[in-house]
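These are my notebook entries on a structure that I am reading for the first time. I record what I looked up, entry by entry.

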Amino acid sequence: MLIDVELNKVTKSFGKDRGIYDINIEVERNTKTLLLGPNGAGKTTILYLIYGILRPDSGYIKILGREPNIEMRKNDVYMLEELLIFIERATVREFIDFVKSLRYFNDQLFDLIDTFNINTNLKVYQLSSGLRRLLKISLALSSGAKVLLLDEPTSNLDIDNSKKVFSLIQQYDGTVIFASHDPEAINAAESIVHIRNGKLEYTEKRNKN
Ligand SMILES: Nc1ncnc2c1ncn2[C@@H]1O[C@H](COP(=O)(O)OP(=O)(O)OP(=O)(O)O)[C@@H](O)[C@H]1O
């Protein structure tokens with residue numbers, strides 16, 4: 001059994017009763033793991049720790065056998081985050097050409113953009129919040145990353161698009177860790193990590209369907 005992501009007794013505190021405490025998670029290669037829990041439970045904190053934006057106070061994290069580092073973020077690990085800056089005045093096509101000059105994205109990108117009916121001739125500022133999200137998701141799913149980290153991938157999406165996104169997550173050729181409140185998310189997950197008040201309550205294994 002190959003473990004792609006390991007959190008071992010990880011604590012990250014932001015003050016009293018804020019943060020995550022003594023978290024142990026093992027994510028097997030190519031599995032889809034859902035982080036599930038109410039607002040403020042600690043899901044985003046866990047994703048940021050795995051990605052290496054935050055560092056733990058104690059315990060350790062291993063991703064693809066090493067500590068989170070800059071090198072892996074260039075190729076092997078991709079996080080769908082709000083930080084991706086859209087260039088509002090560019091067309092979608094120009095924006096994609098620019099992003100492709102910064103990092104590798106595979107040919108699936110344009111198929112996904114088609115699937116989600118994103119018109120690449122539109123200016124980025126003309127995209128609705130849902131279409132922006134779908135553009136980010138298209139980039140994530142075509143990143144070729146061995147490990148994908150997705151924080152609330154379907155926020156702002158309608159039911160049809162949410163279903164499409166979860167189905168694509170399920171089919172992704174790699175390891176995916178995603179946080180979501182969306183009930184549809186459960187169907188895409190083989191493993192559900194229940195988080196509450198910064199603590200891991202239990203991990204549930206589901207059959208691949
Ligand atoms: N930079 C920070 N400074 C202070 N407190 C923080 C910081 N980041 C997170 N927290 C606190 O840590 C706890 C976990 O937050 P986190 O955002 O990880 O939860 P979440 O499960 O992702 O919630 P949501 O579903 O609302 O996104 C919360 O109590 C939050 O207020």
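Which residue in β2 is the bridge partner of Ile3? I looked this up and found Glu28.

Before going on, I note that this is a predicted model, in which local features need pLDDT of at least 70 and side-chain atom pairs count only at pLDDT 80 or more, while totals for chains, interfaces and linings use all residues. Residues are numbered from 1 along each chain as its sequence is written.

**Entry: the sheet.** I took helices (H or I, at least four residues) and strands (E, at least two) as DSSP runs, numbered from the N terminus. Two strands pair if DSSP finds at least two bridges between them. Strand β1 (residues 3-13) pairs with β2 in the antiparallel sense, over seven bridges. I also found Glu6 opposite Glu26 in β2. The two strands β1 and β2 make a hairpin with five residues between them, and Gly15 in the turn has a positive phi of about 125°.

I then followed the open sheet, whose three strands run in the order β2-β1-β4 with antiparallel pairing. β2 (19-28) and β4 (58-63) are at the edges with a single partner strand each, so one side of each has no neighbour in the sheet.

**Entry: the ligand.** I listed the residues that surround the ligand, among them Phe14, Arg18, Asn39, Lys43 and Thr44; a residue counts as near if its C-beta atom, placed from the backbone, lies within 6 Å. Helix α1 (residues 43-51) gives the largest share of this shell, three residues. I sorted the shell into two nonpolar, seven polar and two charged residues, with Ala, Val, Leu, Ile, Met, Phe, Trp, Tyr, Cys and Pro as nonpolar, Asp, Glu, Lys and Arg as charged, and the others, Gly among them, as polar.

**Entry: Leu80.** I located Leu80 in strand β5 (residues 77-80). Is Leu80 buried or exposed? Leu80 is buried, because 21 other C-beta atoms lie within 10 Å; the classes are buried at 20 or more such atoms, exposed at 12 or fewer, and partly exposed in between, with C-beta atoms placed from the backbone. Not counting residues up to four places away in sequence, Leu80 touches residues including Lys136, Ile137, Leu149 and Pro153, where contact requires C-beta atoms, placed from the backbone, within 7 Å. Leu80 and Asp107 are 27 residues apart in sequence, and I read 18 Å between them in space, C-alpha to C-alpha.

Methods:
Two residues are in contact if their C-beta atoms, placed from the backbone, lie within 7 Å.
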